[in-house]
Amino acid sequence: MSSNFLTLSTWIGILNIASELATVTIVVAFLMISGEFDLSVGAVYAMSGMLLAYSLNKGINGVFSMLIILVFAFIVGTVNGLIATKVKIPSFIATLGMMMSLRGFLLIASGGFPIGYKGDSILPNILNGKCIGDLRISTVWLLLFLILFTIVLDKTKYGNWVYASGGNPKIAKTMGVEVAKVKRINFILTAVFAAIAGGFSFGRFGMSYPTLGEGLELEAIASTVIGGCYMAGGYGSVLGAFFGALTIASLRVGLVLAGAPAYWYKAFIGIILIIGMIVNKRVMKNLLKIEV
């Protein structure tokens, strides 16, 4: 629909947008494969950006500022994991409550206004400064994360435990897999990388605002489903989740280039999610038949 879509500058823009979404998505894939959900990633993403801006504005060293948001995310992920595995509340409900709480705190702390940054810390550039031309460093970070998590999921014992925890938890326990511990670790990883993505966003805009990341959790879930992750757990890949995020980012940019109204984007995300679920279910049925 747009002659500018298949240009280098457009795809650099798509990669820059995808780097933030995919950083969250590839770890959400881990969590979904282990049979859980996290709806609080968008709120963690926004809160981390706000904390980073606030810390730097207060003159706190960039390393310590980054450490603050990582510790915050670690606490959020730990709480989500404990509620889901110890209290036995479904992760959908537990993380929905966390999301609403964090969004409320964001509005209270900021008064609904964005927080900008005009200091001279090099942290924003390290997180998401320009690398080559308009390509941003966050894309390089993403590729490193993609390689790391692909190796962990496909080549390590922990990756096998992740698959086992989502595929058949009861059998996994009899085989010595600490299912609850695996899920708690994945909740922590999801929150931590949502915080890192929030740092990428802050580095890109030089500011943060309380409504940042609204809908990010649904985009991440849609990306993983498009990428072939089974929502019931036990099946999926990091690389597939990455291509799912790339699809979502290209859709966002493509609609803008085509001159479509902004609200069309959400409608398309919903349609793609439904189509992805239908295809996902049919593929899984075929896989199960082959296995039998």
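Helices here are DSSP runs of H or I with at least four residues, numbered from the N terminus. The model is a predicted one.

Helix H10 spans residues 216-226. Nine of its 11 residues are buried, so H10 is largely enclosed by the rest of the structure. The buried residues are Leu216, Glu217, Glu219, Ala220, Ile221, Ala222, Ser223, Thr224 and Val225. After H10 comes Gly228, with a positive phi near 100°.

Two packed helices are described by the angle between their axes and the distance between the axes. The table gives these values for two pairs.

| Helix pair | Angle | Axis distance |
|---|---|---|
| H7 (residues 157-167) and H9 (residues 179-205) | about 105° | 10 Å apart |
| H1 (residues 8-33) and H11 (residues 238-257) | roughly 140° | within 7 Å |

With an angle of about 105°, H7 is roughly perpendicular to H9, because angles of 65 to 115 degrees count as such. On the H7 side, the contact is made by Tyr158, Trp161, Val162 and Ser165. H9 contributes Val179, Val182, Lys183, Ile185 and Asn186. By class, this contact of H7 with H9 has six nonpolar, two polar and one charged residues.

The axes of H1 and H11 cross at roughly 140°, which makes H1 oblique to H11. The crossing of H1 and H11 is right-handed. Residues of H1 in the contact include Trp11, Ile14, Leu15, Leu21, Ile26 and Phe30. From H11, the contact residues include Val238, Phe242, Leu246, Ile248, Arg252 and Leu257. By class, the contact of H1 with H11 has 19 nonpolar, three polar and one charged residues.

Technical notes: Residues numbered from 1 in each chain as written. Predicted model: local features only at pLDDT ≥ 70, side-chain atom pairs only at ≥ 80, totals over all residues. Heavy atoms only, no water. Axes fitted to C-alpha atoms, helices over the stretch in contact; angles between N-to-C directions. Helix = DSSP H or I, 4+ residues; strand = E, 2+ residues; numbered from the N terminus. Parallel < 35°, antiparallel > 145°, perpendicular 65-115°, else oblique. Contact = heavy atoms within 4.5 Å. Nonpolar A, V, L, I, M, F, W, Y, C, P; charged D, E, K, R; others polar. Buried < 20%, exposed > 50% of the residue type's maximum accessible area, 1.4 Å probe, protein only. Left-handed = near helix turned anticlockwise from the far one by under 90°.
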